Number of protein chains: 2
Amino acid sequence: MVDPDSSTPIYRQVAAILAEQIRTGALPAGRVVPSETRLQQEYGIARHTARKAIAVLRESGLVHTVMGKGTYAGPAPE
Amino acid sequence: MVDPDSSTPIYRQVAAILAEQIRTGALPAGRVVPSETRLQQEYGIARHTARKAIAVLRESGLVHTVMGKGTYAGPAPE
DNA sequence: TCTCATTTGTTCGTATGTATC
DNA sequence: AGATACATACGAACAAATGAG
C-alpha cells in the first residue's frame, strides 16, 4: 500500500493509488472518493496527509470536491 | 514586498510589513491577521517562515493567537 | 425547525529531515 | 556551530455545509 520509508512522499503515493483506481475504472466518474477520514483509517495516515493527496488529484482535474458532501471522481460539472 | 536577497531574514521582513499595517490601522485591533497559509501564498514563502513572522509579532504583543481559529491584531483579552 | 452525524474547510501546534549560508 | 528556510507529516480544535431524522 503505502511505504513511509519511500523517497516519494506519502501523500503522493496515496494520490497515485487513487489516480490508478480512477484510470482503471475501479473508481468511475461521479463515484464518491473515500473521505479524508476514510483514507486516514485505511492508510494509517494523518488527515492532513489525506487532504494533500486529494489536493493533488484536484489540481490534476481527476476529482472535484463539494464542501460538506465529499469528493467525486471526474471533473466538476458546470 | 519581500526581498530574499536581503540581509534581513524573510520572516523579519514579513513581520515588519504586518507590524506596519497594525501601526497604521490598516489592520485594526481584533481583525484577523492573514493566516499562515495566506501569508505562504501571498509572499511565496514556506509555512515555517510565515509562522516565524507571526511568532515575532506575538512576542512583541502586537497580536494574539487563538488555537484552531486564527491570529488577531492587538493583545490577548483576559 | 431543530438536532445530530458526516464531511470538507481553515487554522494553529509540533516534530523531523534536508539544505544553505 | 548556528540561523535561516523549505518540505513533509502527525495532532488538535473549531467552523461551515450537507443530509437524515
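Predicted model: local features only at pLDDT ≥ 70, side-chain atom pairs only at ≥ 80, totals over all residues.

Visitor: At what angle do helix 1 of chain A and helix 3 of chain A pack, and how far apart are their axes?

Guide: The angle is about 50 degrees and the axes are 8 Å apart, which means that helix 1 of chain A is oblique to helix 3 of chain A.

Visitor: Which residues of helix 1 of chain A and helix 3 of chain A meet?

Guide: From helix 1 of chain A come Ile10(A), Tyr11(A), Arg12(A), Val14(A), Ala15(A), Leu18(A) and Ala19(A), which meet Thr49(A), Lys52(A), Ala53(A), Val56(A) and Leu57(A) of helix 3 of chain A. Sorted by class, this contact of helix 1 with helix 3 in chain A has nine nonpolar, one polar and two charged residues.

Visitor: How are helix 2 and helix 3 of chain B placed, parallel or perpendicular to each other?

Guide: Here the angle is about 115 degrees, with the axes of helix 2 (residues 36–43) and helix 3 of chain B 8 Å apart, and the two helices are therefore roughly perpendicular to each other. The crossing of helix 2 and helix 3 of chain B is right-handed. Helix 2 of chain B brings Glu36(B), Leu39(B) and Gln40(B) to the contact, while helix 3 of chain B brings Arg47(B), Ala50(B), Arg51(B) and Ile54(B); by class, these are three nonpolar, one polar and three charged residues.

Visitor: Turning to the DNA, how many residues surround DNA strand D, and which are the closest?

Guide: A residue is taken to be near a strand if one of its heavy atoms lies within 4 Å of it. For DNA strand D there are 23 such residues, the closest being Ile10(A), Thr49(A), Ile10(B), Tyr11(B) and Thr49(B). Helix 1 (10–24) and helix 3 (47–59) of chain A, along with helix 1 (10–24) and helix 3 (47–59) of chain B, each supply at least two residues of this surface, whose residues divide into twelve nonpolar, six polar and five charged.

Visitor: Which part of DNA strand D lies within 4 Å of the protein, sugar or phosphate, or bases?

Guide: Of the atoms of DNA strand D within that distance, 74% belong to sugar or phosphate and the rest to bases. Among the contacts with phosphate oxygens of DNA strand D, an N or O atom in the side chain of Thr49(A) is at 2.4 Å, a backbone N or O atom of Ala46(A) at 3.2 Å, and a polar side-chain atom of Lys69(A) at 3.4 Å.

Visitor: Which residues come nearest to DNA strand C?

Guide: Of 22 residues around DNA strand C, the nearest are Glu36(A), Arg47(A), Glu36(B), Arg47(B) and Arg51(B). The surface near DNA strand C has three nonpolar, ten polar and nine charged residues, and its largest share, three residues, comes from helix 3 of chain B.

Note on methods: Residues numbered from 1 in each chain as written. Chains lettered and ligands numbered in written order. Heavy atoms only, no water. Polar contact = N/O pair within 3.5 Å; in protein donor to acceptor, adjacent residues only side chain to side chain. Helix = DSSP H or I, 4+ residues; strand = E, 2+ residues; numbered from the N terminus. Nonpolar A, V, L, I, M, F, W, Y, C, P; charged D, E, K, R; others polar. Axes fitted to C-alpha atoms, helices over the stretch in contact; angles between N-to-C directions. Parallel < 35°, antiparallel > 145°, perpendicular 65-115°, else oblique. Contact = heavy atoms within 4.5 Å. Left-handed = near helix turned anticlockwise from the far one by under 90°.
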